[in-house]
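I opened my notebook beside this one and jotted down what I looked up. Have a look along with me.

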Amino acid sequence: MNLRLKELRSERGMTQEQAGKIIFVNQSMYSRYENGQLNLPLEAAVKFAEFYGTSVDYIAGLTDIPEAYAKSSRK
């Protein structure tokens with residue numbers, strides 16, 4: 001997961017501080033997620049997936065397909 005976070009952030013030319021603001025954490029905490037020292041909470045993974053236009057599965061390394069899933073219209 002940490003490699004994907006760094007890859008997605010770097011592709012957009014963002015700093016760790018800028019990426020951390022997406023999930024409301026400071027640069028130090030974000031760095032710990034990106035370096036694998038802490039597990040990224042599911043809520044944060046969802047926010048990143050939405051921001052980066054990808055899936056949580058891609059961020060978690062469960063797939064190599066970066067495209068986001070289509071939203072379902074469940075009622």
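Which backbone oxygen does the side chain of Thr 54 reach? I found that it is the one of Pro 66, at 2.5 Å. I keep in mind that this is a predicted model.

**Entry: around Thr 54**

I placed Thr 54 in the loop between α4 and α5. Its relative accessible area came out at 7%. Buried means under 20%, so Thr 54 counts as buried. Next I listed what Thr 54 touches, skipping residues up to four places away in sequence: Leu 8, Ala 49, Ile 59, Pro 66, Glu 67 and Ala 68.

**Entry: the core**

I then turned to the largest nonpolar core, which has 16 residues. Those with the most contacts inside this core are Leu 5, Ala 19, Ile 23, Leu 40, Phe 48, Tyr 52 and Ile 59. Two or more residues each come from α1 (2-11), α2 (16-22), α3 (27-34), α4 (42-52) and α5 (56-60). The most come from α4, which gives five residues.

Beyond its neighbours within four places in sequence, Leu 5 is in contact with Tyr 30, Tyr 33, Glu 34, Leu 40, Phe 48 and Ile 59.

**Entry: α1 against α3**

How do α1 and α3 cross? I noted that their axes come within 7 Å and cross at roughly 125°. The two helices are therefore oblique to each other. On the α1 side I wrote down Asn 2, Leu 5, Lys 6 and Arg 9, which meet Tyr 30, Tyr 33 and Glu 34 in α3. Sorted by class, this contact has three nonpolar, one polar and three charged residues.

Definitions and conventions:
Residues are numbered from 1 along each chain as its sequence is written. This is a predicted model: local features need pLDDT of at least 70, side-chain atom pairs count only at pLDDT 80 or more; totals for chains, interfaces and linings use all residues. Side-chain values use heavy atoms; hydrogens and water are left out. A nonpolar core is a set of buried Ala, Val, Leu, Ile, Met, Phe, Trp, Tyr and Cys residues joined through side-chain atoms within 4.5 Å. Buried means under 20% relative accessible area, exposed over 50%, partly exposed in between (1.4 Å probe, protein chains only). Helices (H or I, at least four residues) and strands (E, at least two) are DSSP runs, numbered from the N terminus. Contact means heavy atoms within 4.5 Å. A polar contact is a pair of N or O atoms within 3.5 Å; within protein, one must be able to donate a hydrogen and the other to accept it, and residues adjacent in sequence count only if both atoms are side-chain atoms. Axes are lines fitted to C-alpha atoms, for helices over the stretch in contact, and angles run from 0 to 180 degrees between N-to-C directions. Angles under 35 degrees count as roughly parallel, over 145 as roughly antiparallel, 65 to 115 as roughly perpendicular and the rest as oblique. Ala, Val, Leu, Ile, Met, Phe, Trp, Tyr, Cys and Pro count as nonpolar, Asp, Glu, Lys and Arg as charged, and the others, Gly among them, as polar.
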